Amino acid sequence: MTTKIPTTVITGFLGAGKTTLVRHMLAHAPKGKRIALIINEFGDLGVDKDILAGCGDETCREEDMVELSNGCICCTVADEFIPTMQALLAREEKFDHIVIETSGLALPQPLIRAFNWPEIKAQVTIDGVVTIADAAALAEGRFASDEAAVDAQRRQDEMLDHETPLGELFEDQLSAADMIVINKTDLVDAATLEKVEANIRAELRPGVGVIRAANGHVDVAALLGMGMESEADIANRPSHHELEHGGETHEHDDFDSFSLSLAAIRGKDDLLAIIEDTIRSHDVLRLKGFAAIPGAAARLAIQAVGPRVTAYFDRPWKPGEDKVTALVVIGEQPLDRAAITRSLERAAA
């Protein structure tokens with residue numbers, strides 16, 4: 001039995017359901033197991049930690065959650081991740097497990113490699129890398145591996161004559177995985193799901209597990225306790241980016257992010273309709289945040305992936321908390337920030 005603290009890395013593209021799966025994991029982890037959570041977000045407005053706070057108090061207290069929001073975790077390994085891990089390991093109360101939720105734009109390989117750093121290797125090991133895939137997005141032809149799907153996209157968009165940065169990210173996330181969770185299976189029919197899974201399996205190295213999920217509901221026993229020691233197998237998890245670019249530092253120049261706040265909005269339905277229209281009109285990849293709905297005692301959590309917008313009241317407003325609508329927008333460069341802001345401001349009262 002190793003005495004190292006096992007760590008689960010949760011990766012996956014923007015909006016695949018990483019935070020939803022982590023929320024489920026914390027709520028259903030074995031009683032008595034103490035978990036530390038590191039959350040990495042792309043953008044200057046932290047949303048995921050706020051969503052997760054309180055969902056597993058017995059397992060992961062709010063003070064055991066650390067948010068890294070100063071850059072994508074694969075680009076800030078030395079400056080942010082290593083010091084964060086050192087601080088967690090120095091705590092008097094020891095953790096039974098560590099969970100890392102990466103940004104949807106993160107390459108997993110630099111993070112996996114960091115577990116071989118002397119500061120980390122002696123005390124921590126990667127129990128497993130879990131990559132979440134969005135069944136609905138894949139069914140729509142995004143990041144499909146078969147030529148027919150790519151050709152269909154090319155006929156609609158001449159800009160897809162070559163592989164996009166988003167496709168490279170998805171390939172790297174699959175390459176790094178010990179377990180693939182095909183999420184949002186409730187949004188596709190059985191035949192489509194079989195095709196999605198077959199396409200994913202064709203990209204995986206032997207031995208990688210594949211499970212299906214809806215709303216991130218996965219048996220926690222399948223996620224914790226894999227014992228893979230993934231950092232020792234980094235050679236078998238090649239990075240598309242490193243192969244193509246000679247190991248140059250990974251940058252996110254292809255992506256842009258900004259946040260905005262609205263002091264008051266007219267109403268829920270109006271806001272969600274404007275968000276959907278804005279996403280379609282300005283090619284926004286991802287939008288998330290919280291909204292203050294007139295007359296509502298709870299805040300509205302908003303998650304949008306492409307044109308799909310979901311919203312739910314996640315918790316009551318805290319006493320003294322500013323009731324504002326705060327949103328973060330993520331997309332490929334160049335985002336027309338002024339135009340997107342004007343579009344979303346149409347929801348203001």
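User: What am I looking at overall?

Analyst: This is a predicted model. The protein has 13 helices and 12 strands. Of its 349 residues, 52% are buried. The accessible surface comes to about 15,600 Å², and carbon and sulfur atoms account for 50% of that. Among contacts between residues at least 6 apart in sequence, 80% join residues at least 24 apart.

User: Why is T278 called buried?

Analyst: Buried means under 20% relative accessible area. T278 has 2% relative accessibility, so T278 counts as buried. T278 is found in helix α12, residues 268-282.

User: Which residues does T278 touch?

Analyst: Leaving out residues up to four places away in sequence, T278 touches V284, I340, S343, L344 and R346.

User: What makes the pair T278 and S343 a polar contact?

Analyst: A polar contact needs a pair of N or O atoms within 3.5 Å, and one must be able to donate a hydrogen and the other to accept it. The side chains of T278 and S343 are joined at 2.6 Å, as a polar contact.

User: How do you know that strand β4 is mostly covered?

Analyst: Strand β4 spans residues 97-101, and five of its five residues are buried. Both faces are covered. H97, V99 and E101 lie on one side, with I98 and I100 on the other.

User: What makes β1 and β2 partners of β4?

Analyst: Two strands pair if DSSP finds at least two bridges between them. Strand β1, residues 5-12, has four bridges to β4, in the parallel sense. Strand β2, residues 35-40, has five bridges to β4, also in the parallel sense. Both counts therefore meet the rule of at least two bridges.

User: What makes R299 a charge over a ring?

Analyst: One part of the test is distance: CZ of Arg must be within 6 Å of the ring centre. The charged end of R299 is 3.7 Å from the centre of the F290 ring. The other part is direction, within 35 degrees of the ring normal. R299 is listed as sitting over the ring of F290.

User: How many aromatic pairs are there?

Analyst: The count comes to zero. To pair, ring centres must lie within 6.5 Å.

User: Why point out the phi values of K184 and E229?

Analyst: Most residues other than glycine have a negative phi. Phi of K184 is near 65°, a positive value. Phi of E229 is near 50°, also positive. K184 is in the loop between β6 and α9. E229 lies in the loop between α10 and α11.

User: Are K184 and E229 buried, exposed or partly exposed?

Analyst: The cut-offs are under 20% for buried and over 50% for exposed, with partly exposed in between. K184 has 14% relative accessibility, so K184 counts as buried. E229 has a relative accessible area of 38%, so E229 is partly exposed.

User: Why is F258 called buried?

Analyst: Its relative accessible area is 6%, so F258 falls under the 20% cut-off and is buried. F258 is found in strand β8, residues 255-262.

User: How far apart are F258 and G331?

Analyst: F258 and G331 are 73 residues apart in sequence. In space they are 9.4 Å apart, C-alpha to C-alpha.

Conventions:
Residues are numbered from 1 along each chain as its sequence is written. This is a predicted model: local features need pLDDT of at least 70, side-chain atom pairs count only at pLDDT 80 or more; totals for chains, interfaces and linings use all residues. Side-chain values use heavy atoms; hydrogens and water are left out. Buried means under 20% relative accessible area, exposed over 50%, partly exposed in between (1.4 Å probe, protein chains only). Contact means heavy atoms within 4.5 Å. Accessible areas come from the Shrake-Rupley method with a 1.4 Å probe; for residues, only the protein chains shown count as cover. Rings of Phe, Tyr and Trp (its six-membered ring) pair if their centres lie within 6.5 Å; planes under 30 degrees apart count as stacked, over 60 as edge-to-face and the rest as tilted.
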